[in-house]
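Please keep the viewer open as you go through the points.

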Amino acid sequence: MSEVNDWNQKVIEEFRANEGWVGGNFEGKTLLLLHTTGAKSQQERINPVACIRDGDRLAVIASKAGAPTHPDWYYNVVANPLVTVEVGTEKIQVRASVAEEPERTRLYEKMIEVMPGFDEYRRKTTRVIPVIVLTPVK
């Protein structure tokens, strides 16, 4: 297992053990567990991701800490937009969509207010970092 997968697994376990809360870099911040279907593998993947609320929707940032490429989960939600998220102790089915401007910038700025590190991520890369909106399926 890779270092990233080991780290993700520890965060997932802590998230579930503490009803959606974790410590470390994310202490006091809102995370969700994003369940996706692999774009190529068609296997279930689970990624802990920082999120913000926007009305009845959630938004997550495909920053990959400012890496030059999008995270794998981004390609999964584009290929298979019907996903499940764990928020606290709830599992919710949502439809993922890539935010267009000016909504993308508005939501990205909202994330920076909560987690200022996201400002550094966008300065580290030349790509436009996508914002994914997660709308509950009724």
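**Buried residues and aromatic pairs**

Ile52 is buried, with a relative accessible area of 5% (buried means under 20%, exposed over 50% and partly exposed in between, using a 1.4 Å probe and protein chains only). This is a predicted model, in which local features need pLDDT of at least 70, side-chain atom pairs count only at pLDDT 80 or more, and totals for chains, interfaces and linings use all residues. Residues are numbered from 1 along each chain as its sequence is written, and side-chain values use heavy atoms, leaving out hydrogens and water.

**Around Ile52**
- Strand β2 (residues 44–54) holds Ile52; strands are DSSP runs of E with at least two residues, helices are runs of H or I with at least four, and both are numbered from the N terminus.
- Beyond residues up to four places away in sequence, Ile52 touches Arg57, Leu58, Ala59, Leu107, Lys110, Met111 and Val114 (contact means heavy atoms within 4.5 Å).

**Around Asn76**
- Asn76 sits in helix α2 (residues 72–79) and is buried, at 7% relative accessible area.
- Its contacts, leaving aside neighbours within four places in sequence, are Thr36, Thr37, Gly38, Ala39 and Arg45.

**Aromatic rings**
- There are 3 aromatic pairs in the structure (Phe, Tyr and Trp rings, the last by its six-membered ring, with centres within 6.5 Å; planes under 30 degrees apart are stacked, over 60 edge-to-face, the rest tilted).
- Tyr74 and Tyr75 pair edge-to-face, at 5.3 Å centre to centre and 80° between the planes.
- Tyr74 is buried at 14%, whereas Tyr75 is partly exposed at 43%.
- Tyr108, Phe118 and Tyr121 form one aromatic cluster.
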